[in-house]
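Open the structure in your viewer and keep the selection tool at hand. Each stop below tells you what to pick next and what is there.

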Amino acid sequence: MSKNYGIIAAFDTVPDVFHACEQVRDAGYSQWDTITSFPIHGLDAAMGMRRSRVPRFSLAGGITGFCTGMSFIWWAGAYEYPLIVGGKPYFSPMFAFPVSYELTILFTAFATIFGMFFLNKLPMHYHPVLKAPQFVRALDDRFYIVIESADPKFNATETRALLQRAGGKDIVEIEE
Amino acid sequence: MASHASDHPAPAILSEVKPAVLARPVLVHHHRDFKWITDKICGIVEGTTPTWWWVCFVVASFVACFTIAGLIHLVATGVGVWGHANPVNWAWDIVNFVFWIGIGHAGTLISAILCLLRQKWRTSINRAAEAMTIFAVVCAAIFPVFHVGRIWFAVMPGYLFPFPNSNGIWQNFRSPLEWDVFAVSTYGTVSCLFWYIGLIPDLGTMRDRFTAAGKMMRARIYGFFAMGWRGSNRAWSNYEMAYLILAGISTPLVLSVHTIVSFDFAVSLIPGWHTTIFPPYFVAGAIFSGFGMVMTLMLPLRAVYRLEDLITQYHIDCMCKITLATGTMVGYAYSMEFFIAWYGANPYEGFAFINRAFGHYAWAYWIMIGCNVITPQFFWFKAVRENTALVWILSIFVNVGMWFERFVIIVTSLARDFLPSSWGYYSPSIVEIFTFFGTFGVFSVLFLLFIRFVPIMPMSEVKAVIPQADPHGEHKH
């Protein structure tokens, strides 16, 4: 027999799911999630979430890109094969700037995207929620709250009652 | 500043007047709901292939063959098959390159700059405009890659990309042409990444719909690219942050790309090119031409798929006004170039501009002025903006005018060298004409494939701007 992953409740409108999130947050749950087809403004605060850490990856990528550009142009033009062109110096940060600028942006873009994939654990083609029959409307027009059984406060009866009080419909348990 | 208000008490009149509350423009007509948006946009991909699509696809493929034939002939024979000869050694190849790159700029402007400025109307058109950007960059890249003749040298040993040549010498990083390689390849790459990130949630929707319909093959293909997206708000939080950062870095990117393209000219010493106005003037022109192309593409799409509820008259007004603003900036730049040529008192510069307007290429100059300066002025009038067919025709004029702008800048300056003995007149060869003509086919083929297989609007973003998406109830403002 497969393990219980958690409990899922459906909501029909954005205000419903928004206020339900506030109740679940205030009840002290930590391992739970909301499923919406688009990002709802202010839902992060309603769920008590911290600010995303993606910018750290972006900053690291940007610094790497800029240094790569500068050091590569110095290496190629002033170290590996020094060549005088138009009586100009072998290296100057001035003429190396446009290429370094573009590489800053390029590396930032890759770091941002891979950072987002890493934090979201994508690609993840298997997830218990994806198996739930009601998920077909999750990326369409309905909203869901999933509370995991791994949550320390999880209790099959109480959690179900909480979701019911919050206005959840079609509350079912989903398997691992 | 806290004491400021008490030092100067508010005028009494303020309590008597009531500032008008301006209604927010409606972005989706007829109070459509989430379900309608999903069905409408997914329906385009899920339905059977319309006949008009096949007709357009066959015609576009035929036109694209002109480019393929032209390029095969070029590589097999040599760059001499193009019409370049002293003194004009740079002509349609760079004209076409700048033309296509410029068209791409509207996509990034809509997706990045309007995102940062919180212009919510961007949501209905950003997906298609970003796709347009990528396909325009593809068309643009053909020309610098093939103008080296032996294209295998474009990469290694690198005429373009940084690999040392057979003598071990590296590229000249002091050259704007080398900066251009980095600018354009970064632009192409970041545009693809941005587009793909925006697609992930919608691909998830497509995956679930195909799964529900039992079409497992298509569900697996869309599912593979959706990466297992499941709309988790913890994922949305990182996703939105990543999207915002991408918008933030795409903004300086898009401004830098056409700036660097303009450096190809501005850093040289040729009269008519050697001007500091070039970077802003090129960026304004690029956005102008890009919006021209967005309207050329979106207006037929709107009519064919009955998207009037999603691309409303307000959207068309906004696009027309941006076209008007940037077109007027371009017109200002034309007049300022003339003023500086006179005010700078450099006889070569002065000659270059008199020659542009009244020399052998005057016909091209006046086409440019007519299309770029006069055409957008019609958008001052509401009646014009509301006449969709007329807007579409005017947008074509914008495209034509911006091609001629690049032609005028590049060819007139080169055709009159410093000594009259080095003067010449450039005409394109038939191979050049075919190659350029065919790029419209390449672009159309790619765009047709896009509208057939990819949701043409970002459903997740359109849903987020309708009133039902407000967590505090739809009637509270």
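**Stop 1: chain A as a whole**

Bear in mind throughout that this is a predicted model. Select chain A. Its C-alpha atoms fill a box of roughly 80 × 35 × 30 Å along the principal axes. The radius of gyration is 25 Å, whereas a compact globule of 176 residues would have one near 16 Å. Of the 176 residues of chain A, 48% count as buried.

Now colour by secondary structure. Chain A has six helices and four strands. Starting at the N terminus, their order is β-α-β-α-α-α-α-β-α-β.

**Stop 2: the two domains of chain A**

Colour residues 4-51 and 126-175 of chain A together: the domain assignment makes them domain 1. The centres of the two domains, taken over C-alpha atoms, are separated by 44 Å.

**Stop 3: the annotated spans**

What is the secondary structure of residues 57-75 of chain A? This span is 100% helix and 0% strand, with its end C-alpha atoms 26 Å apart. Residues 95-119 of chain A are likewise 100% helix and 0% strand. There the end C-alpha atoms lie 37 Å apart.

**Stop 4: cis peptide bonds**

Go to A:P123, in the loop between α4 (93-120) and α5 (128-131) of chain A. The peptide bond from A:L122 to A:P123 is cis, with omega near -5°. Most peptide bonds are trans.

Next, move to chain B and centre on B:P87. This proline lies in the loop between α4 (51-77) and α5 (92-116) of chain B. The bond that joins B:N86 and B:P87 is cis too, with omega about 0°.

**Stop 5**

Most residues other than glycine have a negative phi.

Select B:R118, in the loop between α5 and α6 (126-146) of chain B. This residue is not a glycine, yet its phi is positive, about 55°. Is B:R118 buried or exposed? B:R118 counts as exposed because its relative accessibility is 69%, and the cut-off for exposed is over 50%.

Then select B:M227, in the loop between α8 (216-226) and α9 (233-266) of chain B. B:M227 also has a positive phi, about 60°, without being a glycine. B:M227 has a relative accessible area of 15%, so it is buried; the limit for buried is under 20%.

**Stop 5: a nonpolar patch**

Show the surface and pick B:M217, B:I221, B:F224 and B:F225. Together they form a nonpolar patch with about 450 Å² of accessible area. Zoom in on B:F225, which sits in helix α8 of chain B. B:F225 is partly exposed, at 43% relative accessible area.

**Stop 6: B:L390 and a distance**

Finish at B:L390, in helix α15 (residues 388-415) of chain B. B:L390 is partly exposed, with a relative accessible area of 32%.

Methods. Residues numbered from 1 in each chain as written. Chains lettered and ligands numbered in written order. Predicted model: local features only at pLDDT ≥ 70, side-chain atom pairs only at ≥ 80, totals over all residues. Heavy atoms only, no water. Helix = DSSP H or I, 4+ residues; strand = E, 2+ residues; numbered from the N terminus. Buried < 20%, exposed > 50% of the residue type's maximum accessible area, 1.4 Å probe, protein only. Domains from an automatic or database assignment. Patch = residues over 30% accessible without salt bridge, like charges linked within 9 Å, V, L, I, M, F, W, Y side chains within 5 Å. Areas by Shrake-Rupley, 256 points an atom, 1.4 Å probe, with all protein chains shown as cover. Salt bridge = Lys/Arg side-chain N within 4 Å of Asp/Glu carboxyl O. Rg over C-alpha atoms; globule rule 2.2 N^0.38 Å.
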